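Work through the exercises below with the sequence and the model at hand. Each task is followed by a solution in steps.

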Amino acid sequence: MAAGKAAGSADEFKACGIRTFRRLSPCMKLFAFYGALLVLACGVLVYTGDPSRSSWLPECPFYKTTGWLCYGCGSTRALHALLHGHWADSLKYNILLVPTLVWLGALFFIRNRRVFNRTLLAGAGVLVVFTVVRNLPCL
């Protein structure tokens, strides 16, 4: 960081967003475009088909082998409910879906390696604790 500039200043984050996209190679732009199309296609599939009633989704391999719910169990149903505006149902299926999506989105824009690593480890720790807590027999 340059002398005289405060941490978190606008200059520090100029590399984020559109300017960064313009600097990408054509190959990486194509990769980002196809990635966005894949996310859109998955969103349409989740929106149109009810995961609670359809058999086109496989069972969670972690749940299938251990019998325990992982941090992602219920996320597809929660996303379906969220896309249809049923916020309470979404929270019932998986309370960490929205915070996890925000966390993953934030990781994409963090440029400082130390902040990135700390944010990654903190989020992963939250997911591990959530997995343990949701499998306690008293809950």
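**Exercise 1.** Which residues does His80 touch, not counting residues up to four places away in sequence?

Solution. The model is a predicted one. With residues up to four places away in sequence left out, His80 touches Val46, Tyr47, Gly49, Asp50 and Pro51. His80 itself sits in helix α4, which spans residues 75–83. One of these neighbours also has a polar atom close by: the backbone oxygen of Val46 is 2.6 Å from a polar atom of the His80 side chain. The cut-off for a polar contact is 3.5 Å between N or O atoms.

**Exercise 2.** Decide whether His80 and Leu69 are buried, partly exposed or exposed.

Solution. The cut-offs come first: buried means under 20% relative accessible area, exposed means over 50%, and partly exposed lies in between. His80 has 14% relative accessibility and is therefore buried. Leu69 has 32%, so Leu69 counts as partly exposed. For the protein chain of 139 residues, the buried share is 18%.

**Exercise 3.** List the buried residues of α4 and state what they pack against.

Solution. Ser75, Ala78, His80, Ala81 and Leu82 are the buried residues of α4. They pack against α2 (26–48), α5 (87–93) and α6. Just after α4, Gly85 has a positive phi of about 85°.

**Exercise 4.** Describe how α2 and α4 pack, from the angle to the residues in contact.

Solution. Begin with the geometry: the axes of α2 and α4 are 8 Å apart, and the angle is about 85°. Angles of 65 to 115 degrees count as roughly perpendicular, so α2 is roughly perpendicular to α4. Next, the residues: α2 contributes Gly43, Val46 and Tyr47, which meet Thr76, Leu79, His80 and Leu83 of α4. Sorted by class, this contact has four nonpolar and three polar residues, with no charged ones.

**Exercise 5.** Where is Leu69 placed, and which residues does Leu69 touch, not counting residues up to four places away in sequence?

Solution. Leu69 lies in the loop between α3 (61–66) and α4. With residues up to four places away in sequence set aside, Leu69 touches Phe62, Tyr63, Thr131, Arg134 and Asn135. Take Arg134 from that list: Leu69 and Arg134 are separated by 65 residues in sequence, while their C-alpha atoms are 7.2 Å apart.

**Exercise 6.** How many helices and strands does the protein chain have, and in what order do the elements run?

Solution. The protein chain has seven helices and zero strands. Read from the N terminus, the order is α-α-α-α-α-α-α. As for contacts, take those between residues at least 6 apart in sequence: 46% of them join residues at least 24 apart.

Methods
Residues are numbered from 1 along each chain as its sequence is written. This is a predicted model: local features need pLDDT of at least 70, side-chain atom pairs count only at pLDDT 80 or more; totals for chains, interfaces and linings use all residues. Side-chain values use heavy atoms; hydrogens and water are left out. Helices (H or I, at least four residues) and strands (E, at least two) are DSSP runs, numbered from the N terminus. Buried means under 20% relative accessible area, exposed over 50%, partly exposed in between (1.4 Å probe, protein chains only). A polar contact is a pair of N or O atoms within 3.5 Å; within protein, one must be able to donate a hydrogen and the other to accept it, and residues adjacent in sequence count only if both atoms are side-chain atoms. Contact means heavy atoms within 4.5 Å. Axes are lines fitted to C-alpha atoms, for helices over the stretch in contact, and angles run from 0 to 180 degrees between N-to-C directions. Angles under 35 degrees count as roughly parallel, over 145 as roughly antiparallel, 65 to 115 as roughly perpendicular and the rest as oblique. Ala, Val, Leu, Ile, Met, Phe, Trp, Tyr, Cys and Pro count as nonpolar, Asp, Glu, Lys and Arg as charged, and the others, Gly among them, as polar.
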